[in-house]
Amino acid sequence: MDKKMIYKIVKASGVSAGELVLVHFWGEDTDKEIANTFVASVAALGATPVLLQQARSINRDIFLSAKESCFGNRYFDLFSKFDAVLDVFAYQPIILGYQISNEQMDLYRKYISQLFYKFMECKRFAQIRIPTQANAAESGLDPQDYIQRMNLAYDIDYEMVNTACKHKAECFAGVEKVAVHTGGDCVLYLELTGRTWHIDAGEGDLPCGEIYIAPLESKTQGRVYFDTFYLNDVKYNNVTLQILDGEVSGSSNPDITKHFAAQPRENRVVCELGIGMNPNITTLCGYTVLDEKMAGTFHIAVGANNMFGGANTASDHIDFVGYGDIEVIQ
């Protein structure tokens, strides 16, 4: 990822002159040039950058001996001043990667929890995955394939995608019910009354490019077909899900049926309908971060949606991506 690309991403995230922007960087000093480029890009847009690095090696040394008094309210209150947070990770965030005592690990978890609680008070929070070998390992893709796909997904015309997302969302504005037609004869009905479409065109989860909504949790009914279906890192072909009163009630595949039968109710609830809008993602690969943004696809999810206007709190949020037509029901 070069300097020009990083500048495009920072600009698309909404950074503007006069803002106070935190670059929250997950990575070691060997990758710190990435963080420095984000800092410089924020400044180039007329905003004030502040860098906070979360290196596993540094956090290990800190939390081996940190005391409860090290991170009090005065520390966390500092972060309420920021207009935006760019959460940039060169490797998987939050994981410490080292063994420390349970007491010290509890202190680390509390630190991270309170930090993100403050981040959520900012006007904008963008998560940005860097195409690195470490992130490729987390994705399950071949490193070269991962890096190529990610760079292409980032290298878009952000203004054009934002305009396309707004137009698509306007097409569904005020719509109370839709039908998703998939396969030969599968139809899934979702009720949207009172819920709001959200646009991710650079200010949320990057790579970006989707619109999404939380359907009414107990109202989704019908069947939905997927050519390819990824669950727990396993790829299945030609899968149909049955949805009854908002919950996955069965499947054409016995292993998938068994999986959902073992889940608590809240993790079976259909919690999201989304539409991919990124033109530079052209094939499904099993990595949801990319697949759900692919132009020409839709996705549904099961699990938590209370973070974007829904009412279902759950331990999981799992997306399933497919091809189909979405019909407005009058």
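1. The structure is a predicted model, in which local features need pLDDT of at least 70 and side-chain atom pairs count only at pLDDT 80 or more, while totals for chains, interfaces and linings use all residues. Residues are numbered from 1 along each chain as its sequence is written, and side-chain values use heavy atoms, with hydrogens and water left out.

2. Helix 2 covers residues 32–44, and its 13 residues reach 18 Å from the first C-alpha to the last, close to the 18 Å expected at 1.5 Å a residue; the expected span is 1.5 Å times one less than the number of residues. Helices (H or I, at least four residues) and strands (E, at least two) are DSSP runs, numbered from the N terminus.

3. The buried residues of helix 2 are Ile34, Ala35, Thr37, Phe38, Ser41 and Val42. Seen down the axis of helix 2, these buried residues fall within an arc of 160°, so they line one face of the helix; the arc is that of the directions from the helix axis to the C-beta atoms. On the other side of helix 2, Glu33 and Ala44 are exposed. Buried means under 20% relative accessible area, exposed over 50%, and partly exposed in between (1.4 Å probe, protein chains only).

4. The buried residues of helix 2 pack against helix 1 (3–12), and also against strand 1 (20–26), strand 2 (48–53), strand 3 (84–89) and strand 4 (124–129).

5. Glu210, in strand 9 (residues 210–213), deserves a separate look. Glu210 is buried yet has no salt bridge, and the nearest side chain of opposite charge, Lys293, is 4.5 Å away; Lys and Arg count here as positive and Asp and Glu as negative, whereas His and the chain ends are not counted. A salt bridge is a side-chain nitrogen of Lys or Arg within 4 Å of a carboxyl oxygen of Asp or Glu.

6. A polar contact of 3.1 Å joins the side chains of Glu210 and His299 (a pair of N or O atoms within 3.5 Å; within protein, one must be able to donate a hydrogen and the other to accept it, and residues adjacent in sequence count only if both atoms are side-chain atoms). Leaving aside neighbours within four places in sequence, Glu210 is in contact (heavy atoms within 4.5 Å) with residues including Cys165, His198, Asp200, Glu272, Met277 and Lys293.

7. Lys293 does form a salt bridge with Asp205, the closest N and O atoms being 3.5 Å apart. Lys293 lies in the loop between helix 10 (288–291) and strand 14 (298–303) and Asp205 in strand 8 (residues 205–206), so the pair ties together parts that are 88 residues apart in sequence. Lys293 is buried, with a relative accessible area of 0%, and Asp205 is buried at 18%.

8. The count comes to 16 salt bridges. One of them joins Asp77 and Lys118, with the closest N and O atoms 3.4 Å apart; this pair links distant parts of the chain, Asp77 in helix 4 (residues 73–77) and Lys118 in helix 5 (residues 102–119), 41 residues apart. Asp77 is partly exposed at 37% relative accessible area, whereas Lys118, at 14%, counts as buried.

9. Arg149 forms a salt bridge with Asp145, the closest N and O atoms being 3.1 Å apart. Being 4 residues apart in helix 7 (residues 143–154), Arg149 and Asp145 are separated by about one helical turn. Glu19, Asp83, Lys123 and Arg124 are linked in a network of salt bridges.
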